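Please view the sequence and the model together, and then follow the points below.

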Amino acid sequence: MRRYFLFFTLFFISFSAQAAPFAKLHQADFANGARLIVEEDHSAPVAIVQIWLKIGGRDEVPGKTGLAHVFEHMMFKGSKHLAAGEFSHRIAAMGGNDNAFTSHDYTAYFEIIPAAKVDEVLAMEAERFANLSLRKNDFAKEIRVIQEERRMRTDDDPNSRMFEELSSVALRLHPYREPVIGWMQDLKKLKIDDVRAFYKAHYIPGNVTVVVVGDVDFADVKKTVARTFGKLKKRVVTARFNPVEPEPIGPKRMQAMLPAQLPMLAVTMPVPVWHPGKNDTQAAALAVATEILAGGRAAVLNREIVDRQRKAFATAAGYDPFSMGIDLWYAYGMLGPKQTTAGFENALWATIEHLRDNGPKVAQLASAKRRMIADEVFAQDSLYMRAKQIGMMESVGIGADKRDAWLAAIRKVSAKDVQKVLARWITRQRATTGILQPETHS
Amino acid sequence: MKCMLKLTAALFLYTFITPAAQAIPVIEQAQLANGLRVLLMQAHNVPMVSMRLTVPAGSRLDAPEKGGTASLLASMLTDHTAKQDYVAWADMLDAQAIRLGSGASRDSLSLSLTVLKEALGEGVDAFSEAALNPGWSKKRFALLRRDAVSSAQKSLEEPGVRAAEETAAVLYPAHGYGHRSGGSVASLSRIKLRDLQMLYARQFKPQGAVLAVSGDVTMKELLALIRPRFAGWKGAPEVTLKATPEPETTTPKNKHISMPTRQMTVQLSRLGPSRYDKAFFANMLLNHILGGGGFSSKLMGEVREQRGLAYGVYSYFIPLAVSGPFVISLQTRADQAGEALAVVQNVMRDMYAGKITKVDLDAAKANLTGGFAHRLDSNGKRVGLMSMIGFYGMPLDYLAVWGERINAVTLAEVKAEAKRFLAPKEWHIIEAGPIKGE
């Protein structure tokens, strides 16, 4: 018993919700541009390894959407020293789980493993990164799997399909207008040569951030990364596609006629993301405003529109300050059989404009901030979430060392700041509105 | 109302379960005089506490034609209380960053709490108020029910929901497991507030209930908070978990649900093992090899890796108080559904015929035992495991011997379970998607 408690308490990370909830980050940069970030947590003998790439949907060219995500599949199809499927089999044999995810801004590969296996996994990751096979036959099979993935996630899901279309209508230039999974038309035309060219251009050490969180020692991991990812040949990193989205010149609307059961109405508009030291108040105020509108049990949209006015049966809103260039702020309502899109749309804007004109109450503002900070504490309970936050902030160019600064910015947001960002950014004039309209059969 | 406690000594302290020597966290146990069992795993690395109260008021007790009763009761309990209307209640929870949740599954209804250590007292206050002082507002009930009906209608857009609904119906035509816990448009519409009150009055009792807790708290601190708040709660449920009737095996059926989708969802099902099955660990390994082990499973290998027929194909069984569902599911472009089904049935037939190797078994054992620490690496996961252990009456050394049990399973035992479960002709087949030729 004594020994057990030693295990759990000796490495107690001391923080309270008042102080920053984050453990110390250790960082190492290698001559070829690869970076390592480690957060030690010795509370259980497990670790998560995540290999982040500053490569995603935004790095594709027109006609070849979906290419970045193809790697999420092909990376498991073999390399010089690992047969097809062997990577996952070896991870499974050590009791681990592995997978990957892709966004517009990044691609990440991860393994949750016993901590003793971290060295072996980092060597395997570097090997497939450097020597991917990319065989034509494997690609031919895998692109079919990807098409099934698109059918499942998007084509056969009316809500997803509507949001895909809405993003495309809302944006003129920014790559968030293209779906990460790719348009089906493009998926049917992609060739193995496209995949090989993308690999050669983008899978280079300067795009890599290795993140390890768990029961490891930074000095050990640094040595391992130095002789794996750190040894890869240096290659030139090109600037990423990040155009300035033109300011909307008026409201836009679209309708998606799909085989849905019930209608949905969503609004979206480009808003600024966080640039540390440059727009702290603005980005934090957008986040706080969104939390007041859609976070917690007392979320304003829900209370006003679902509980009081009965114009929808569910509402939501979202803002991601850790995107690249812009974020697409959104709000939507799910409508019941007797609820109308017009009724919801009016209620949505009236609720947002009421908050804009009157500002949040003192208690409302304090409550939102406390929840946002508490959520950061709760997130520390998951190794996966911790590693993901670090990798994401690195990959979009904010920097994982800015986590404390973000919480500081949230604490400083005033009621006036909330009013100001709503007035400037969340307006009818800037919005693209999408309506999911159930198809009617005659 | 004196709350004497039997503080049982922790049963397993520091054990080695695999050659890799993993520490098993201690489960501390206490029992309040009213019968409520309290299980705790301390973890002081994050200043937070998670807990879950589980009572035998699951959806299997929903009256016939009133599926969704337990689920609506769960929503009502966290929506408001006898002391606070929904507005004051939500404002109070939000201000303290108290995350309160609830839900119903087939066997149980649960309330859950996640809270900062610094707000633990307020959190336990709210948690006990939600559990023990229901508000029964008629107006809120009407509203929650209407929104649940809309939500149920919206969910009919999902082929997985349609297939799950039909699977439950064919597996359990005369049993409380025969509907989805959330209910359907028709069944939710029939539920009255009185149905919720009756379920609560009969089943929401401390005896047979379990409070599982994980986080930055000691048993002493925890009991000091729990005892005064839960002491007045008394009684035993009318229907215990043990009284759950065993379902009868039904004749396998093939059904097609017409949906305007591009893919066909193909779902095979049969009755599977219960939580108390003598061969439980052999079943776990069998399922892992079949389709539970992700990319290392046979189904994933044959359907996706070899043929590119599906993005996802998997199998699982839900171990309940009695035989739960054993399910195999995949989605594929509608014109490939027949081919994909044939591949699945071939895999089943081969395993049924004994084509399972020592290599397959050893790989499954290695993955399951090696991943054990990961099953326990967050407060949420620990609370989930302890709730299961406590609610189903598993021995407190369940986690300590888990790895040994897995490793003790022989190839012959797994083959015997394959013979027991994997004859393709014994499985129902539900398909949701376009009608052929459409």
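Predicted model: local features only at pLDDT ≥ 70, side-chain atom pairs only at ≥ 80, totals over all residues.

In chain A, the residues A:Ile352, A:Leu355 and A:Arg356 of H12(A) meet A:Gln419, A:Leu422 and A:Ala423 of H16(A). By class, this contact of H12(A) with H16(A) comprises four nonpolar residues, one polar residue and one charged residue.

**Helices H12 and H16 of chain A**

- Helix H12 of chain A covers residues 341-358 and helix H16 of chain A covers residues 415-425; their axes come within 7 Å and cross at roughly 135°.
- H12(A) and H16(A) are therefore oblique to each other.
- The crossing in which H12(A) passes H16(A) is left-handed.

**Helices H1 and H4 of chain B**

- In chain B, helix H1 (residues 69-79) packs with helix H4 (residues 138-154) at an angle of about 130°, and their axes are 11 Å apart.
- H1(B) and H4(B) are therefore oblique to each other.
- The crossing in which H1(B) passes H4(B) is right-handed.
- H1(B) contributes B:Leu72, B:Ser75, B:Met76 and B:Asp79 to the contact, while H4(B) contributes B:Arg140, B:Phe141, B:Leu144, B:Arg145 and B:Ala148.
- Five nonpolar, one polar and three charged residues make up the contact of H1(B) with H4(B).

**The contact between chains A and B**

- Chain A brings 62 residues to the contact and chain B brings 60 residues.
- On the side of chain A that touches chain B, at least two residues each come from helix H1 (2-9), helix H3 (86-93), strand E5 (107-114), helix H5 (136-155) and helix H13 (362-379) of chain A.
- H5(A) gives the most to that side of chain A, with nine residues.
- The side of chain A that touches chain B divides by class into 32 nonpolar, 15 polar and 15 charged residues.

**The largest nonpolar core**

- In soluble globular proteins, nonpolar side chains tend to be buried together.
- The largest nonpolar core here holds 260 residues, and B:Val213 and B:Leu285 touch the most other members.
- Leaving aside residues up to four places away in sequence, B:Leu285 touches B:Leu361, B:Ala364, B:Lys365, B:Ile406, B:Val409 and B:Val414.

Key:
Residues numbered from 1 in each chain as written. Chains lettered and ligands numbered in written order. Axes fitted to C-alpha atoms, helices over the stretch in contact; angles between N-to-C directions. Helix = DSSP H or I, 4+ residues; strand = E, 2+ residues; numbered from the N terminus. Parallel < 35°, antiparallel > 145°, perpendicular 65-115°, else oblique. Left-handed = near helix turned anticlockwise from the far one by under 90°. Contact = placed C-beta atoms within 7 Å. Nonpolar A, V, L, I, M, F, W, Y, C, P; charged D, E, K, R; others polar. Core = buried A, V, L, I, M, F, W, Y, C linked by C-beta atoms within 7 Å. Buried ≥ 20, exposed ≤ 12 C-beta atoms within 10 Å, placed from the backbone.
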